[in-house]
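User: I have a structure open and want to go through it bit by bit. Can we start with a helix?

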Amino acid sequence: MRHRRLLPFALATAAGVTLGACGPDGTAPSNPAAPTALSSPATFSAASSFAAVTAGSETSYLILGTGNKLPADLATRVSQAGGTLTTSVAAIGVATATSSSPDFAAKVSAIRGVDGVAQDRLMQWIDPGERVVEAQDLGSDETFYNMQWGPKAIHAPAAWDLGARGAGVRVAVIDGGLNNTHIDLNGSVDVARSRSFVAGFNFNQDVAGFSHATHVAGIIAAQDDGIGTIGIAPSATIIGVKVLHNGSGSFAAVIGGIVYAATPISQGGAGANVINLSLGALFARQGVGAAQLAVALGRATTYAYQQGVTVIAAAGNNAVDLDHTANLVFLPAQSPHVISVAATGPVGFAVGNDNADTPASYTNVGQSAIALAAPGGNDQYRPLTQICSRPRFPAGFVTTNCFVFDWVISPGSLGNIGGYFFAEGTSMAAPHVAGVAALIIEKSGGSMHPAWVEAALRASADDLGKPGNDDFYGAGRVNALRAVR
């Protein structure tokens, strides 16, 4: 998923709190440059870039079986075609194989019971240069709650007062490495069922600094522990499923992660009730292998739906109208049975604007593409150089550029038990909806068909914009209180 980059800006700091524009090492420049204008919303006429997945001289391929079934003799037939079968996801009729033969794909495509073959692609699903600002601190009584406009915008505190906390609901965060030892997540992550689909790395490993997966998990389920922040479903269980490293990963890894998360524990899976996909990329609908890759991904999301798992995904940050942009599709948000989430946020929260329902300038839109909207952060406040302060508990202030407070604060570090970051994007909007879905499932007794979960989310959402389904909000901005009533 593409996030626009943040150029250097001036900062003020409060005693005991460090805030900065995160560079490659996650620290603020010692002598930041003069504030510069942010880049304009990105628009695209071409799909996201990609690279073939290779291992030495061999290329990796996805093989799609006919009717979601793989031929019984596929391993033998692949070997005869000059390749090696590496994985087989029988539940959806998708396998992976490697080969150095230039005509491997043509030979395997001719096998009876094979629908298609495509080179696997290594995609940049999340931009490693995404916009983040660190607010590293430990405190008490949810230190940064005064900066959490997101839960209040969707009426989550009122839902908590009714006893809705997400207890017993399992939410899989399919993303990069997740910090299960973070003080706001420690004890809430099912470590035994968390898993990595990236060779050489555990589920809780990634590049140093800001952790996208940890930030997403914190929005969903940061504990009500008197420290840091609180998630929308603070008693939910998180399952970390690593399919990306430094924001990139293969189609095979994402597909494998979805199937694993959705498979019941009794069958060797993670047993998730909800899957959150704060990742995605813009693709051309046609092209070499594009259709087969989209079909393979769609088989995984359909499998999750059939297993009774609600799948929620970020709608993307390309500022693209997906209804009127020829030949482009954003995946997995537009895959079958996926609830696609656009982003909203305040414009001037730090100066008293509590209206958090302004559509974000970067969010993808389109009536056919957007199911719901949720807090993801905004970047429209001006002037960029204005400095603001917000109180933190029990004393003191966080002081930085005013527009930063229009972003979403959440846990977000690897190798640090108490790191917190502001960030913006539909990556932050999707987990707000995942948290509300967890509250709905809890209130229903711990399980609920995803069609009914989506119906409850839509029916309880605040209908903003034009009446009914619209380009920016879909069915509306989620409302946790109405959802659990």
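Analyst: Helix α7 covers residues 290-306, 17 residues in total, and reaches 24 Å from first C-alpha to last, close to the 24 Å expected at 1.5 Å a residue. Helices (H or I, at least four residues) and strands (E, at least two) are DSSP runs, numbered from the N terminus. The expected span is 1.5 Å times one less than the number of residues. This is a predicted model: local features need pLDDT of at least 70, side-chain atom pairs count only at pLDDT 80 or more, and totals for chains, interfaces and linings use all residues. Residues are numbered from 1 along each chain as its sequence is written, and side-chain values use heavy atoms, with hydrogens and water left out.

User: What comes just after α7?

Analyst: Gly-308, which takes a positive phi of about 85°.

User: New topic. How many disulfides are there?

Analyst: One. It joins Cys-388 to Cys-402, S to S 1.9 Å; a disulfide is a pair of cysteine sulfur atoms within 2.5 Å.

User: Which parts does the pair tie together?

Analyst: Cys-388 lies in strand β22 (residues 387-391) and Cys-402 in the loop between β23 (397-401) and β24 (408-411), so the pair links parts that are 14 residues apart in sequence.

User: Is the disulfide right-handed or left-handed?

Analyst: The torsion about the S-S bond of Cys-388 and Cys-402 is about 85°, so the disulfide is right-handed.

User: Are Cys-388 and Cys-402 buried or exposed?

Analyst: Cys-388 and Cys-402 are both buried, where buried means under 20% relative accessible area, exposed over 50% and partly exposed in between (1.4 Å probe, protein chains only).
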